[in-house]
Structure formats: C-alpha cells, structure tokens
Amino acid sequence: MSQSNRLSALPKLSAQTLAWATDWDALFGRRAPIILEIGFGFGAFLAHLARTHLDANIVGLEVSSRSLESTERLITRERLSNVRVIHTRAETALHHLFRPAALADVHINFPDPWFKQGHIHRRLMQRDTLTTLVSRMTPGARLYLATDIADYATMSDGLLSTTPGLENALAAPYLHDPRAPELNRVVTKYEDKAQQAGRTCYYFVYWRTDAPAPNVPVIEDLPMPHVVFASPLPLDAMIDSFEPIKFSVPLVDQAELTHISFIAVYTGQTRRQPTALFEVHLSEPTIEQRIALMLLSKSDLPGAYTLQLGSLGHARPTTGVHWAVRALSDWLISLHPDAHMIDAKLQGVP
C-alpha cells in the first residue's frame, strides 16, 4: 500500500476505543519519542510539529469534531505519516492513554479560559492536571503554554512556578514574541489575528526536572459490571416506577465527585427476552460517558433479572460505571420487599 493510501485509511481514533494504556509504538508502527499537543484547533501548529520533528511521533488531542475533520484532511493532504489525532479531553488522555514518562514534549496552545465563575473548574490548567502531566513527562521534556488572556497567564504563572518537577526554562516568567528562538514555533492564524487585534500573547516554557515523578498510575478498564437479582415484580412494573434522578458519589483516591444521572428508560426485546435499557450520563474526574445499562429477564431462572453494561457507544467499565450499576440495582431491589440480590461482580463500590 502506498503512503498516500495508508494515510487516507487512518482510523478515527478516540479515547473511548483506544486501549488503556495505549501502545503508541504499535499505533505508529515504530518506536520514537512522543510529542503531544493539547487542543490543536485546525492543525496548523500540529502540522508544524510533524514537519520539524520527523524523528518523533506527534499526538494531537481535540474535542471539536470540526477541528478533527479539518486536521485529518490536512494530515492526508500533506502526507504527514508521523502524526495521529485523538478525539478526547486532555484529562482523559493523560489519565488513561499515556503511561508515566511517556512524553518527550507537551504543547498547550491557547486553551479555553472558561470565563464564567461556575466553569472555572473546567480549565485545563489545574493543580491535579499539572501533577498528572508532570508524571507523564520524561525528565528533560519541555512544556510549552501559550495564551492571549492576561488573567489566564497570571493564573498559569502561579501554578507552573509552584509545580514540583517543573522549572522555568526562560529568564522571565513568560515571553511575548512568538518568534523568539526559545519557543521554536510557527505563528498561527489565531496568533496573527490576536496581534492585529492588539491582544498580548504570553508564552511559557518549563522543563521537566529529574525530581521523582508524582505517583499517578494509568487508570485502566475494570472488569465488566454485572448484577443478578430476584424480584416478584414484572419488568413492566419496574419500568413504570422509573423517574429521572441525579446524584454524586466520592470515588476512592479522587478529590472530585463523580456525578451520575439516570435520564430515561426504554423497552424492547433481546433474543426474545424482555429488556429495559436505561440511559445514563456519567461525569467522572477523568472521563465523561453516556452509557446504556441493560436489564434483562433471565430465561433460565424465572423471577430473576440481570443488570449489565450495554455495548452502545463504546462504553468503558470505569469505577463510575460500577457505581451506576450498583445504584440502579439497589433501586430496583428496593421496589419490592421480597426482592433480593443473587450475585454481583462490582469493583470500587461498597
């Protein structure tokens, strides 16, 4: 297969479908240092990295489908065989896809400032995220950050300058000229427009020291959750009792809460078995998922039901998913005094 054909056949990559942790050598077909760009927009800087670092594997993270499609076309058009783009939040990739000391360099270009007070927790530059990022960087790796928001620069300066394992590579907290040799960057359309509009840009460069890395292990898939229970109630009666509900739970070793929303229930049949499908939204500290939990009547055991994770949407069996299965099964059992648990395969929940 020619290189152009091989590039045109690149798969759509997502944190929902890639292995946790990802085998990057196998994905690229070679062993090479990994350079990461978080939030690559329409891919101009990502392409610059690919052209100027032919000996590295370039990985780009983005949540915008429009940006992903545009950059995929750019990769194909320019035949950039050393770059892959992943549909994912940065927090998800750092915790689930990359092993410790996997990254040779990291670039963060103009991250969303999330101006509203209630959205500040969504900012990429957070203490926990930086701790994870440091754990994923190899000693000597560089972290480059660019922003055109003065408040964001001030906040980032405070965070970066107090992050163990990082040291400022510049003589000042930041630079303003994107053409400075210390930055080794190309001026993108966004930066050009910012300058024409009179906005000041702030460029940070930090390097990863040889200090011991924070202990942030890769979060891998758990076994598939599974609950079997008995209830005198027919499936229709349980479905009729359903009402949407939201709640939050603390997970072990997580500072933030996991938020679980049971949204709706649908009915159908699977292999001639009456089935209920519960739509669930999960917001965990490292990943957000919209999943389906399936409730099936057991044909081999009258009056018994199985609750399990459905296959819709490439759901990953995280701790939050196990919590959702436990919470839903507890509610179903509570609907009748004679209902009881038969078997459960759950991890990370009491």
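This is a predicted model: local features need pLDDT of at least 70, side-chain atom pairs count only at pLDDT 80 or more; totals for chains, interfaces and linings use all residues.
Me: What share of the 350 residues counts as buried?
Reply: The share is 49%.

Me: How do I read the sheet, and in what order do its eight strands run?
Reply: Strands of a sheet pair through backbone hydrogen bonds, in either a parallel or an antiparallel way. Here the order is β1-β4-β3-β2-β5-β6-β8-β7, the sheet is open, and the pairing is mixed. β1 (13-14) and β7 (166-168) are the edge strands, each pairing on one side only.

Me: In which sense do β1 and β4 pair?
Reply: β1 pairs with β4 (residues 83-87) in the parallel sense, over two bridges. One place to look is Leu 13, whose bridge partner in β4 is Ile 86.

Me: Which strands does helix α3 touch?
Reply: Helix α3 (residues 44-52) packs on the sheet and touches β2 (34-38), β3 (57-62), β4 and β5 (103-109). The direction of α3 makes about 170° with that of β3. Helix α6 (residues 127-136) also packs on the sheet, in contact with β5, β6 (137-147), β7 and β8 (202-208). For α6, the angle with the direction of β6 is about 135°.

Me: Which residues of α3 are buried, and what covers them?
Reply: Phe 45, Leu 46, Ala 47, His 48, Leu 49 and Ala 50 of α3 are buried. Their cover includes β2, β3, β4 and β5, together with helix α4 (65-78).

Me: Is Ala 153 buried or exposed?
Reply: Ala 153 has 1% relative accessibility, so it counts as buried, the cut-off being under 20%. Ala 153 is found in helix α7 (residues 150-160).

Me: Which residues is Ala 153 in contact with, leaving aside neighbours within four places in sequence?
Reply: Those residues are Thr 147, Tyr 202 and Phe 204. As for Tyr 203, its C-alpha atom is separated by 8.6 Å from that of Ala 153, and the two residues are 50 apart along the chain.

Me: Which residues line the largest cavity?
Reply: The lining is made up of Phe 45, His 107, Tyr 144, Leu 145, Ala 146, Leu 183, Arg 185, Tyr 203 and Phe 204. By class, that gives seven nonpolar, one polar and one charged residues. β6 and β8 each supply at least two residues of this lining, and β6 gives the most, with three. Phe 45, among the buried residues of α3, is also one of the lining residues.

Me: What is the volume of the second largest pocket?
Reply: The second largest pocket has about 250 Å³. Of its 14 lining residues, Trp 24, Asp 25, Arg 31, Ile 34 and Ala 102 are the closest to the centre. The lining of this pocket has nine nonpolar, one polar and four charged residues.

Note on methods
Residues are numbered from 1 along each chain as its sequence is written. Side-chain values use heavy atoms; hydrogens and water are left out. On a 1 Å grid over the protein atoms alone, a cavity is a set of points where a 1.4 Å probe fits but cannot get out, and a pocket is an open set with protein on both sides within 12 Å along at least five of seven lines; lining residues have an atom within 4 Å of a point. Grid points are joined across faces, edges and corners, and a volume is the space filled by probe spheres set on the points. Ala, Val, Leu, Ile, Met, Phe, Trp, Tyr, Cys and Pro count as nonpolar, Asp, Glu, Lys and Arg as charged, and the others, Gly among them, as polar. Two strands pair if DSSP finds at least two bridges between them. Helices (H or I, at least four residues) and strands (E, at least two) are DSSP runs, numbered from the N terminus. Contact means heavy atoms within 4.5 Å. Axes are lines fitted to C-alpha atoms, for helices over the stretch in contact, and angles run from 0 to 180 degrees between N-to-C directions. Buried means under 20% relative accessible area, exposed over 50%, partly exposed in between (1.4 Å probe, protein chains only).
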